[in-house]
Amino acid sequence: MPPVTTGHAARPASTVALALGSVGVVYGDIGTSPLYALREGLAAATRGSPAQSGDVLGIVSLLLWLLILIATFKYVVLILRADNRGEGGTLSLLALCQRALGKRRGLLLLGIIGTSLFFGDAIITPAISVLSAVEGVTLIVPAFEPYVIPATIGIIIALFAAQRRGTEGISRLFGPIMLAWFAMLAIMGSLHIADDPRILRAFSPVPGLQFLFTHGASALPVLGSVFLAITGAEALYADMGHFGRRPIRLAWIFVVFPSLALSYLGQGAMVLADPSAARDPFFLLAPTWALPALVAFATVATVIASQAVITGAFSVAHQAVQMGLLPRMEVHHTSETQHGQIYIPRMNAILLLSVVVLVLAFGSSASLATAYGIAVTGEMLVTTILAFAVYRYLWKWSVPLALAMLAPLAVIEIGLLAANLTKFLEGGYMPVAVAALLVIVMITWVRGSRIMQEKSRGDSVPLSSLITSLQDSTHVSHVSGTAMFLTAESVVAPPALLHNLKHNQVLHDRNYIVTVSTSNAPHVPPNEQVVTEVLTDGFTRVFITFGYMDDPNVPRALMMARKLGIKFEIMATSFFINRRSYKLSDKSAMPGWQQRLYVAMTKTATNAPAYYHLPPNRVIELGQQIVI
């Protein structure tokens, strides 16, 4: 994320600096929507015929009122209130719901669906944004058309390749660049409003409603296209933890919304005056001599928007792993000062492959626009449902008040989802298929992990019983030193401890039973991460709790435990870990295909020593075979 952040290691930044940073990251996606939103809406309405004034006024009115109702009222006014200790996003909203209602399966399923739809959206944004910008070159040099796809893929590959080194340095420019971009949107739009001042009537919802009523069912494809104007609105909530509620609101009110509104009004006025401009109203706002600079600027803006989506995907994937929705993944921290600067190699490779496949499969931003929308509207609807649960059960709003605030939004979003579903066979199936696959993966991982935990607990030995038996045992040799046994169950003997006693018949002088868990809070202060419980002179239980956005660095947390009396030197300590292998069973609660998927996922998971940052030369892994 950019250097202006509220992360742990950063110095407090001013509200203005944070607002500028949010312009560069939070609003990158929605800020590039003017490249294609009105164009696609007009194309869906006219179907090759000249644009009529009523259609233009109606579509621009729909664009503006979607920005007012969904982006402004829902996200800026309502949803930004629902922060989980400063953090936002679908999983933060899920954590708030679980705090109020407990870990119910229905809530978990909603969180899984919302997260999966986010990734379905994340693979489309870089593809359509960069492709739409590069296509602008053909307005200057028509002969460039055969090179649009190769150039787009080249930019995308370079963008994903840069993730390994982190983006802290270059991200310092994101805010100023995007501020200049929004200023340009406002200026270009303002200069063309005079082309036909009738466009100002679009500020009223009446032209939009008239368009919907007069066109009936044929308005659904248009509604699905104009929805492109608010793709990226969910980033207002998802990135709240990096910038704060107030800076994001100020940036929207004073910079982003006015600039977007002026751009759409200017594009609409130009099309009213010259219907032929409907073929590409954004780029035609600029005089011919300025087109090369505008195309270059648009390309830079779309790369920044794509970078924000990629960074967000890393953050969501990290949260999903911490909350037990996905297998452990290797996470690299690319900045010593910015907590949110992470790089996940596996996720980066998956996103790159998916984006390139989309560009090759669809071939143009107009075709990709048909794939856009279903995932975003689905995610927005999930957010509304979860928000209702938070407002009603956590904040104790009355049912009439909660329904009055959210039910109209849910109706609008259901209508938008229905409109986007009309594009399902034309490309909308793509994000749905990606989201469905991820839902299956997450459900399988959650279900398999729960079954394995139950089996492990059923075959286990109570820790208290083991300690009692060891006190009278003459078959176990005691050696000096410290042993730490990582386990998911603190009340039962860790399998690694049992195997060590069975095969080596050795017990260290100091034994720590370490249980690592994840809180439903985004961050846990270092001085609150560790709790100890002395059982005997030789055994101590250690509970380590990380937030779902924290780096699970066990040695660093254990350093805090020294203040609690733990005698601990990391290079004089042996870390015992249980490594499981799995055997399929005909009597499993999971069907065969799900068993095989779960086993395959366990093999791709990052090994525990690397994930918990344990020193490799101090780790002892003991195997255990489990029948699923």
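This is a predicted model: local features need pLDDT of at least 70, side-chain atom pairs count only at pLDDT 80 or more; totals for chains, interfaces and linings use all residues.

Colleague: How many bridges join β4 and β6, and in which sense do they pair?
Modeller: Eight bridges, in the parallel sense. β4 covers residues 506-518 and β6 covers residues 539-546. Within that pairing, V516 stands opposite I544 in β6.

Colleague: What is the strand order in the open sheet?
Modeller: β5-β6-β4-β3-β7-β8, six strands with mixed pairing. β5 (530-534) and β8 (619-627) are at the edges. Each has a single partner strand, so one side of each is left without a neighbour in the sheet. From one strand to the next, the twist averages 25°.

Colleague: Which helix packs on the sheet, and what does it touch?
Modeller: Helix α24, residues 554-561. It touches β3, β4, β5, β6 and β7. Its direction makes about 120° with that of β6.

Colleague: Switching to aromatics. How many pairs?
Modeller: The count is 15 aromatic pairs. Take Y391 and W395: the ring centres are 4.8 Å apart and the planes are at 20°. Stacked means under 30 degrees, so this pair qualifies.

Colleague: Are those two buried or exposed?
Modeller: Y391 has 0% relative accessibility, so it counts as buried. W395 is partly exposed at 27%.

Colleague: And how are Y611 and Y612 arranged?
Modeller: Edge-to-face, with 5.1 Å centre to centre and 75° between the planes. Y611 and Y612 are both buried.

Colleague: Which residues do ring pairs link into a cluster?
Modeller: W181, F282, F283 and F297.

Colleague: What lies over the face of Y393?
Modeller: R392, at 5.6 Å from the ring centre.

Methods: Residues are numbered from 1 along each chain as its sequence is written. Side-chain values use heavy atoms; hydrogens and water are left out. Two strands pair if DSSP finds at least two bridges between them. Helices (H or I, at least four residues) and strands (E, at least two) are DSSP runs, numbered from the N terminus. Axes are lines fitted to C-alpha atoms, for helices over the stretch in contact, and angles run from 0 to 180 degrees between N-to-C directions. Contact means heavy atoms within 4.5 Å. Rings of Phe, Tyr and Trp (its six-membered ring) pair if their centres lie within 6.5 Å; planes under 30 degrees apart count as stacked, over 60 as edge-to-face and the rest as tilted. Buried means under 20% relative accessible area, exposed over 50%, partly exposed in between (1.4 Å probe, protein chains only). A charge sits over a ring if NZ of Lys or CZ of Arg is within 6 Å of the ring centre and within 35 degrees of the ring normal.
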